[in-house]
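Let us walk through this model together, one region at a time.

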Amino acid sequence: MSPHASTQVDEVVDGIYRIATWLPESGITFNQFLIDDERPTLVHTGMHDMYDAVRDAVAEVLDPARLAYVALLHFESDECGGMDRFAAEAPESTLVGSALSVGLNLSGWDYQGKVQGFADGETLDLGRHRLRFIETPHVHHWDLMMIFDEPTRSVFPSDLYVQPGEQPAIVDEDLGEAMCDFYRGVGIFAHEQPVRAVVDRIEALEPEWMHAMHGGSLTREAIPRYTRALRERPFAYDGRLLGRDVVAPEDAVPGLGAPPGEASGSEGG
Ligand SMILES: [Fe+2]
Ligand SMILES: [Fe+2]
């Protein structure tokens, strides 16, 4: 058995490959996406110690030394923990992030590779594919951005539209409720409002594909079911981090979440 038997490569649509690593202890897959084009691009890297598995999966499609861009969608280890290792193998590659990621995080650390930040609406031509960047702050990190590939109408939403469990490359099933329950238990969103505003922006793009970082790629038919769940169900932090009880927001900030005039501690009644 291959040491990386749990990492699987599938072409989802027109040169976009999902590289999925199933980690049973986390209960989710960790997906990277490779865009095979004149300027090959890897969207997220996986954690630092996942590098060999992801690198070997890339090598099934193209030489990792040819990578022109590595895109991180927010500064977190599963998104970009392997960035220095990919840059070492592809020294001409450029690390792409949101303008905020680059200004805030990459300029203050010891990262040695080339970096390029993108603001909302800016684009990057890969050849047949053309990426448009969407700044989506606070979904779930300050520096978060998403990518829209115009010709395939593909959204790369990182941690939005995820599905827990070991999912196939393409998912049609409605797991919207499971997604919201997963978000609540993990505690990755501070509030529903910034997420719902981004969901409206994504819907207006009329996406054909949603390449979730955890789970499978959602089809055009499946996406609205998840959008509906995000609009209708609670999913923001309620006092749990990775399933562990911490402090519920209404306990940490007296009055938070109570209707006007009924805030706890209010003298006005
Ligand atoms: Fe994340
Ligand atoms: Fe993630």
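Predicted model: local features only at pLDDT ≥ 70, side-chain atom pairs only at ≥ 80, totals over all residues.

Cys80 has a relative accessibility of 4%, so it counts as buried; here buried means under 20% relative accessible area, exposed over 50%, and partly exposed in between, computed with a 1.4 Å probe on protein chains only. Cys180, at 0% relative accessibility, counts as buried too.

Residues are numbered from 1 along each chain as its sequence is written, chains are lettered from A and ligands numbered from 1 in the order in which they are written, and side-chain values use heavy atoms, with hydrogens and water left out.

Now to the metals. Which protein donors hold the iron ion (ligand 1)? They are His74 (NE2), Glu76 (OE), His140 (NE2) and Asp159 (OD), lying 1.9 to 2.4 Å from the ion. Donors are N, O and S atoms within 2.8 Å of the metal (3.2 Å for Na, K and Ca), and water is not among the atoms, so sites may look incomplete. Along the chain, these donors of ligand 1 follow the spacing H-x1-E-x63-H-x18-D. Helices (H or I, at least four residues) and strands (E, at least two) are DSSP runs, numbered from the N terminus. His140 and Asp159 are both buried.

Asp159 also bridges the iron ion (ligand 1) and the iron ion (ligand 2), which lie 3.7 Å apart. Ligand 2 is coordinated by Asp78 (OD), Asp159 (OD), Met213 (SD) and His214 (NE2), at 2.2 to 2.7 Å. Why is the arrangement around the iron ion (ligand 2) irregular? Its four donor atoms subtend angles of 83 to 162 degrees, which makes it so. The rule is that four donors count as tetrahedral if all angles lie between 85 and 135 degrees; four count as square planar and six as octahedral if opposite donors are over 155 degrees apart and all others between 65 and 115; anything else is irregular. The site of the iron ion (ligand 1) is irregular as well, with angles of 85 to 155 degrees among its four donor atoms.

The donors of ligand 2 follow the spacing D-x80-D-x53-M-H. Here the linking pair is 135 residues apart, with Asp78 in helix H2 (residues 77-80) and Met213 in the loop between strand E13 (209-211) and strand E14 (217-219). Asp78 is buried, with a relative accessible area of 8%, and Met213 is buried at 0%.

Not counting residues up to four places away in sequence, Ser158 touches His74 and Met213, among others; contact means heavy atoms within 4.5 Å.

From here, move to helix H5 (residues 176-186), whose buried residues include Cys180 and Tyr183. Helix H7 (223-232) and strand E15 (240-241) are among what covers them. Just after H5, Gly187 takes a positive phi of about 80 degrees. Leaving aside neighbours within four places in sequence, Tyr183 is in contact with residues including Asp159, Leu160, Tyr161 and Leu230.

Tyr183, Leu160, Tyr161 and Leu230 are the residues with the most contacts inside the largest nonpolar core, which has 30 residues. Such a core is a set of buried Ala, Val, Leu, Ile, Met, Phe, Trp, Tyr and Cys residues joined through side-chain atoms within 4.5 Å. E10, H5, helix H6 (192-204) and H7 each give two or more residues to this core. Apart from it lies another core, of 26 residues, among them Leu23, Phe30, Val58 and Leu62.
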